[in-house]
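This report describes a protein chain and its ligand site. The sequence and model are shown first.

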Amino acid sequence: MNALMPAAALSLLSPNGFPDDVPDGVRDRVPGNVPDDVIDDVIGDVPDDVPDDVINGLCAERKHLPCRLLYDDLGAALFDQICGVEEYYPTRAELALLGDHLPHLAATVGARARILEPGSGTGHKTRLLLSAMQAPACYVPIDVSATQLADNAESLRREFPDLEVLPVCGDYLAPLRLPTPARSFDATLVFFPGSTIGNFHPDEACTFLARLADLAEPGGWLLLGADANTDEDSLLRAYDDEAGVTAAFNLNVLSHLNRSHAATFDPAAFLHRAVWNAAHSRVEMHLVSRRRQVVQVAGRAIGFERGEAIVTEHCYKHSAPALTAMLHRAGWSVKETYPDAQRRMTLWLARTTTR
Ligand SMILES: C[S@@+](CC[C@H](N)C(=O)[O-])C[C@H]1O[C@@H](n2cnc3c(N)ncnc32)[C@H](O)[C@@H]1O
């Protein structure tokens, strides 16, 4: 069941953990190379200190790291590459659903909406949404990946000159200060595609969806994209592609900790592994230690046995009834659902209940 990182992909990594085949434009986007003028208008930032959840996770019996660490600037660019690999079906499926259903969904939400997007990424899907919406009041992308966020905001302003774009850099799990738009808005639409909801443990997903309901306010909307696929074979291929892009994405977590928090990981001493955990209906991304070793992180010595894994991401694949129940508990009422032909990726349109 364990799909180990192919040797061909391992050879893509240079000793500092950068994949050798990433385009120059991607390689340039490491922290420290962010031009000041690009980030000037982004509010918020990501703290430099090693947060407790990193140290606690590495000291836990079952080692784990928060999945936001996958998304430094290089990680964000690698995720963008993953979206284009043959085996990673969720992005293609969701783009097709958005192409088919956005005209109707946008008309249902109506004109002059404030659009919030937690985990906005490159904004490919955002462009489809913004083109379909009637006179949106403003667009607020929220992401931990500062350079990608700022670049995306800048291009969106060029592409949609009438739109106010108000980027917020930060952890969407932490309290966020949302900017006040210049224009008034009739309703809030929270756009949360990419099956990012699957990265949360079900209880945390419910809490997060309830926070989104608070942000959306009474009468607000949620447009969510979630993957319900439980076919092990296609999932393991999607999360461990032949070219090793997902492996490079996962291993970059270690380089990210080295770069940002003076850790001493040797990425070549770890392997990427994708595991389907049927009991919890989730794909797990692991980094497996190839040997017994000790790594320094923020002045702490972290020991690894040979074969010991760090869990870097969970991707829960919630069934439609489970997600419906979660949304309901979180204060959302499901209005419409649009599954793809294989009933894997689904678009969900929900509205806040009497909150
Ligand atoms: C799976 S990608 C989805 C990107 C895009 N929405 C899509 O559908 O293709 C998750 C996005 O969430 C961002 N992200 C992950 N954890 C985050 C956190 N805790 N706070 C803010 N952004 C986060 C990542 O930087 C990335 O852009």
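## Helix α5

In α5, the buried residues are Asp73, Leu74, Gly75, Ala76, Ala77, Leu78, Phe79 and Gln81; a residue is buried if 20 or more other C-beta atoms, placed from the backbone, lie within 10 Å of its own. The helix is thus described as mostly covered, with eight of its ten residues buried. Helices are DSSP runs of H or I with at least four residues, strands are runs of E with at least two, and both are numbered from the N terminus.

## Basis of the model

This is a predicted model, in which local features need pLDDT of at least 70, side-chain atom pairs count only at pLDDT 80 or more, and totals for chains, interfaces and linings use all residues. Residues are numbered from 1 along each chain as its sequence is written.

## Ligand shell

The ligand is surrounded by 18 residues, the closest being Arg68, Tyr71, Gly119, Gly121 and Gly194; a residue is counted if its C-beta atom, placed from the backbone, lies within 6 Å of the molecule. Both α5 (73-82) and β3 (138-143) supply at least two residues of this shell.

Eight shell residues are nonpolar, six polar and four charged. In this scheme Ala, Val, Leu, Ile, Met, Phe, Trp, Tyr, Cys and Pro are nonpolar, Asp, Glu, Lys and Arg are charged, and the others, Gly among them, are polar. Domain 1 (3-87 + 232-316) and domain 2 (89-229 + 321-352) each contribute at least three residues to the shell, with bounds taken from an automatic or database domain assignment.

## Overall fold

The chain contains twelve helices and 13 strands, and 45% of its 355 residues count as buried. Of the contacts with a separation of 6 or more, 73% join residues 24 or more positions apart; a contact requires C-beta atoms, placed from the backbone, within 7 Å.

## Seven-stranded sheet

An open sheet of seven strands runs in the order β4-β3-β2-β5-β6-β13-β12, with mixed pairing; two strands pair if DSSP finds at least two bridges between them. β4 (168-169) and β12 (332-339) each have a single partner strand and stand at the edges, so one side of each lacks a neighbour in the sheet.

β2 (residues 113-118) pairs with β3 in the parallel sense over five bridges. Isoleucine 115 has tyrosine 139 in β3 as its bridge partner.

## Hairpin

β9 (residues 293-297) and β10 (residues 300-304) pair in the antiparallel sense over five bridges, and glutamine 293 stands opposite phenylalanine 304 in β10. The two strands form a hairpin with two residues between them, and alanine 298 in the turn has a positive phi of about 50°.

Terms used:
A residue is buried if 20 or more other C-beta atoms lie within 10 Å of its own, exposed if 12 or fewer, and partly exposed in between; C-beta atoms are placed from the backbone. Two residues are in contact if their C-beta atoms, placed from the backbone, lie within 7 Å.
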